[in-house]
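Please keep the sequence and the structure in view while reading.

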Protein chains: 2
Amino acid sequence: MRARDLAADFPVVRMDTDALDAARLLAEQDLPGLVVVDERGAPFTILPGTQVLRFAIPTYVQDDPRLAAVVDEVSADAICRALAGVPVRDLLPARPRELPVVDGSDTVLEIAAVIARTGVPLVAVVEHQQMLGVITLDALMDRIVTA
Amino acid sequence: MRARDLAADFPVVRMDTDALDAARLLAEQDLPGLVVVDERGAPFTILPGTQVLRFAIPTYVQDDPRLAAVVDEVSADAICRALAGVPVRDLLPARPRELPVVDGSDTVLEIAAVIARTGVPLVAVVEHQQMLGVITLDALMDRIVTA
């Protein structure tokens with residue numbers, strides 16, 4: 001069993017994807033983040049869903065979340081308006097999180113070691129500079145405990 | 001729509017749960033971590049799945065994951081053996097990550113503000129000191145973009 005056999009589809013966005021479309025993708029999937037690919041389709045970083053909310057919710061409300069219940073300018077509608085027309089690029093943190101990459105020929109245990117080292121529960125599988133898909137920690141753990 | 005209406009079941013472990021059982025729970029679910037509750041059933045922290053691998057894989061292999069393909073002592077079996085009989089307590093990081101808590105009466109937007117502030121894509125819903133369940137970022141995002 002090699003990385004290429006475990007690579008699963010995963011929704012990707014580009015730097016210029018509309019942030020509201022990214023939010024909709026997050027809402028449709030059971031995922032805490034999205035893979036951001038560069039213009040050649042190579043994996044670049046992860047867009048954490050938390051970063052989408054951080055961008056769209058006023059700082060003074062984040063500092064005191066109880067205000068969200070009483071301030072008019074915080075509504076689902078206002079959040080969507082704040083995201084529409086904004087590129088994903090503008091939502092990324094100042095230091096984008098590294099998305100670990102493994103080769104298609106890497107073994108389950110090499111992938112496990114990469115996840116242990118980086119602390120990121122997701123790796124991108126790349127072969128011949130093409131992204132084949134991703135492997136999540138839970139898919140990998142499944143291979144390990146049922147071996 | 002209040003937090004108590006959105007609270008979903010989520011697998012929990014205790015400090016003395018066997019780490020191999022925790023690994024099996026992670027493998028069965030589509031989750032990057034588990035909620036750890038204290039002896040009264042109150043949410044205490046998150047056990048990241050990455051931490052389970054970090055505990056079970058020798059440090060020198062984490063430093064050079066290519067070794068995993070060639071070193072005999074790194075196998076799925078060795079990982080399971082390293083976890084069996086070890087309490088979850090021993091796997092937690094030195095500074096356990098705070099699991100944000102919201103009240104059952106909190107609104108969708110208050111929860112969104114808490115997730116934005118903490119950067120943790122999961123909150124526990126507590127009412128009368130009892131954990132009702134959790135709300136994930138993607139469930140919350142679903143409420144926001146379809147509002």
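A salt bridge is a side-chain nitrogen of Lys or Arg within 4 Å of a carboxyl oxygen of Asp or Glu. By that criterion, the count between chain B and chain A is zero. The model under discussion is predicted.

The extent of the interface may be considered next. The size of an interface is often given as the accessible area lost when the parts come together. For chain B and chain A, the buried area is about 3800 Å², and carbon and sulfur atoms give 75% of it. In terms of residues, 48 from chain B are in contact with 48 from chain A. Six residue pairs are found in polar contact across the interface of chain B and chain A, both members of each pair being at pLDDT 80 or more.

Several helices of chain B build the side that touches chain A: α2 (19-28), α3 (49-56), α4 (59-63), α5 (76-83), α6 (108-118) and α7 (137-145) each supply at least two residues. The largest share, nine residues, comes from α6(B). Sorted by class, this side of chain B has 31 nonpolar, eight polar and nine charged residues.

Strand β2 (residues 33-37) and strand β3 (residues 43-48) of chain B run antiparallel and are joined by five bridges. Within this pairing, B:Gly33 stands opposite B:Pro48 of β3(B). The two strands, β2(B) and β3(B), form a hairpin with five residues between them. In the turn, B:Gly41 has a positive phi of about 85°.

Terms used
Residues are numbered from 1 along each chain as its sequence is written. Chains are lettered from A and ligands numbered from 1 in the order in which they are written. This is a predicted model: local features need pLDDT of at least 70, side-chain atom pairs count only at pLDDT 80 or more; totals for chains, interfaces and linings use all residues. Side-chain values use heavy atoms; hydrogens and water are left out. Contact means heavy atoms within 4.5 Å. Buried area is the accessible area (1.4 Å probe) that two parts lose on being put together, summed over both. A polar contact is a pair of N or O atoms within 3.5 Å; within protein, one must be able to donate a hydrogen and the other to accept it, and residues adjacent in sequence count only if both atoms are side-chain atoms. Helices (H or I, at least four residues) and strands (E, at least two) are DSSP runs, numbered from the N terminus. Ala, Val, Leu, Ile, Met, Phe, Trp, Tyr, Cys and Pro count as nonpolar, Asp, Glu, Lys and Arg as charged, and the others, Gly among them, as polar. Two strands pair if DSSP finds at least two bridges between them.
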